[in-house]
Structures are given as C-alpha cells and as structure tokens.
Amino acid sequence: WEFNGSFYQPSAFLMMGIPGLEALHPWISIPFCALYLTALVGNCVILFIVRKTQSLHEPMYYFLSMLAVTDLGLALCTLPTTLGLFWFNVRRIGFDACLTQMYFIHILSFIESSVLLAMAFDRFIAISHPLRHPSILTKTTVLKIGLAIVLRGMVSLLPIPFLLKRLTYCGKTELSHSFCFHPDIMNLACADIKVNVFYGMIILLSTVGMDFIFIVLSYILIIRTVVSLTTKEECLKALNTCVSHICAVLVFFIPMIGLSMIHRFGKNVPPLVNTLVAYTYLIIPPALNPVIYSIKSTHIREALLRALRRKRG
C-alpha cells in the first residue's frame, strides 16, 4: 500500500479467473486459446485480403478493416492477463498497469461501437442512395470518419484513469475478471464515487448508447427503402448485404449491455454469470466477426479462395 496522509492506494490488484473453477483453469484455457487464435488469425486474414484485393477497396471494406484492427486490439489487450492467469496463476497486476489496460479496453470498445455505426451508415447510403454512394463516402471521407472515431474514444475516456487515481482504496483488492474494467476498479474504492458513476454513465450513454440508437434508426430507414423495391429478389439482395453487419452488431451490443447492467444493478447476480458475460463481451466478438464476414461476404470469401489457390499453385 502507498500511504499519503489519509490517502491510500494499492500498489497492485488481484485478478480473478472463473469463480469456483480455479482447479480447471488449465483446461478452461484451451477454448480461450482457440478463441484468441481465431481472433488474431481471422482479423489478420481480413486485413491482408482487403489490402491485396483491388476490388475490395471500397468504403464497406475500409470500415471492415477498421473493425478488424479494433478486434485485434481488444484481443491483444486481454490475452496476456487472461492466459497468464489460466496458465501460470499470475493474478497480480500493478495499479498503473491496470488503469492502462482498462483505458485501452474501453477505448477499443467505444471505437468498435462507432465503427459499427459507420458501417450502418455505409449500408444505408449504399441501399437508399446507390448512385450517390461513391461521391458521399470517398476515401478522404472514410479516413476522416476513422480519425474522428479514434479521437472521440480517446478524448471522452481520458478523464477516467485520473478519476480512479484520485480515489482512496481500502479493503478488498480483488477484481472480478482477469482484466481491468472501470466499474470493477471503481467499486473497490472506499471513497465517494458519485463523480465516477455519473461521468461513466454520461459517457456510455452519449457514445455507445447514441451509436446503438443511430444504428437502429439506420436499419429502420433501410427497411423502408427495401420495402419500396419492386421485386422480391431486389429486396433479398439488398438485405443480404446487411446480414453480416447485423450479426456483428448483435454479437457486440448484447453482451455489452448485459455487462453494463450487471455492474450497475446486478448486486445479487452470481459471480460466475458476471464473469461469463464479461468474457463473452470481450473475446467472442473479435473471434466471431472475421468468421461471420468470411462466411456471409461473397467478395471476401472469393478473395480468400483466390489467395489460397495462388499459394497452393
């Protein structure tokens, strides 16, 4: 403990694995390794395919590349502490290291939410205004959107580590997960955390909350446009271009909303449920997104098959 008058701050936190299943951590690490490997390899393949295939140099696939980079970052943020705990029982993480990991986890989560919104906007323009799509979403515009997304995440979350460092901590130092999460750290403080709660809620609602609302509105407008199409084939073709994105949105937002609700209102929720929802939120989307897009996107699948044929040849 670091002591400074009445101010107490732990030198480190202790991370938790899966409660009640500590003896099985080496075996539990096997599916986690498979998920991390899928996330790392799958997203790298998506980036490679988009970069090497000229026909994929379009806004939809630029945004997909942003999603892949974000998913890689999320996987790499949690991989060292999660596998370190499962393999070697390394539970200790320094206070500053924990705040740094937390900051990047939350930034990347917010960026993923914003990228999914940008992809919804791209689908809306492509379906509702196909002739204007190339002039609206130029390479420069896509780049500006990407920079704005990153800056929004970085700036909005910048106060969070400083708000946590000003708190006095006492008693328990055990985190609920094998990674650092803002509500988790905040609840270990024995000081007034109203500012942290209020700021965290405002930022969450004004970023991820607004992103989700605008994604839903985008799909309402897309459905209105699709319904007005003359033939059933045109309707199905238009909707088919959105299936991958809808899956990615559901895979990301459902666990995120669940975890946020548990941390704020689920005092009586079993620790195992809390842990499983947290892992689902941070590990499943990076692993599933490249699989979803590889299966559902004909262009990605064909480019991947061409690349494999060239290597075999």
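**First selection: S128**

Select S128 and display its neighbours: leaving aside residues up to four places away in sequence, S128 touches L221 and T225, where touching, or contact, denotes heavy atoms within 4.5 Å. This is a predicted model, in which local features need pLDDT of at least 70 and side-chain atom pairs count only at pLDDT 80 or more, while totals for chains, interfaces and linings use all residues. Residues are numbered from 1 along each chain as its sequence is written, and side-chain values use heavy atoms, with hydrogens and water left out.

S128 belongs to helix α3 (residues 95-128). Helices (H or I, at least four residues) and strands (E, at least two) are DSSP runs, numbered from the N terminus. Between the side chains of S128 and T225 there is a polar contact of 2.9 Å. A polar contact is a pair of N or O atoms within 3.5 Å; within protein, one must be able to donate a hydrogen and the other to accept it, and residues adjacent in sequence count only if both atoms are side-chain atoms.

**The whole chain**

Next, zoom out and colour by secondary structure: the protein has 12 helices and four strands. Its radius of gyration is 21 Å, close to the 20 Å that the globule rule gives for 313 residues, so the protein is as compact as a globular protein of that length. The radius is taken over C-alpha atoms, and the rule is 2.2 Å times the number of residues to the power 0.38. Along the principal axes, the C-alpha trace spans about 70 × 45 × 35 Å.

Of the 313 residues, 48% are buried; buried means under 20% relative accessible area, exposed over 50%, and partly exposed in between (1.4 Å probe, protein chains only). Among contacts between residues at least 6 apart in sequence, 80% join residues at least 24 apart.

Select H25, in helix α1 (residues 25-52). Is H25 buried or exposed? H25 is buried, at a relative accessible area of 5%. Not counting residues up to four places away in sequence, H25 touches G17, I18, L85 and F86.

Then select L24, in the loop between β3 (12-14) and α1. L24 counts as partly exposed, with 41% relative accessibility.

**N89**

Move to the loop between α2 (59-88) and β4 (92-94), where N89 is found. Most residues other than glycine have a negative phi. N89, although not a glycine, has a positive phi of about 55 degrees. N89 is also exposed, with a relative accessible area of 52%.

Select M201 in helix α8 (residues 194-227). M201 is partly exposed, at 27% relative accessible area. How far apart in space are M201 and R264? The two are 63 residues apart in sequence and 9.6 Å apart, C-alpha to C-alpha.

M261 is partly exposed, with a relative accessible area of 44%. The C-alpha atoms of M261 and L188 are 18 Å apart, and the two residues lie 73 apart along the chain.
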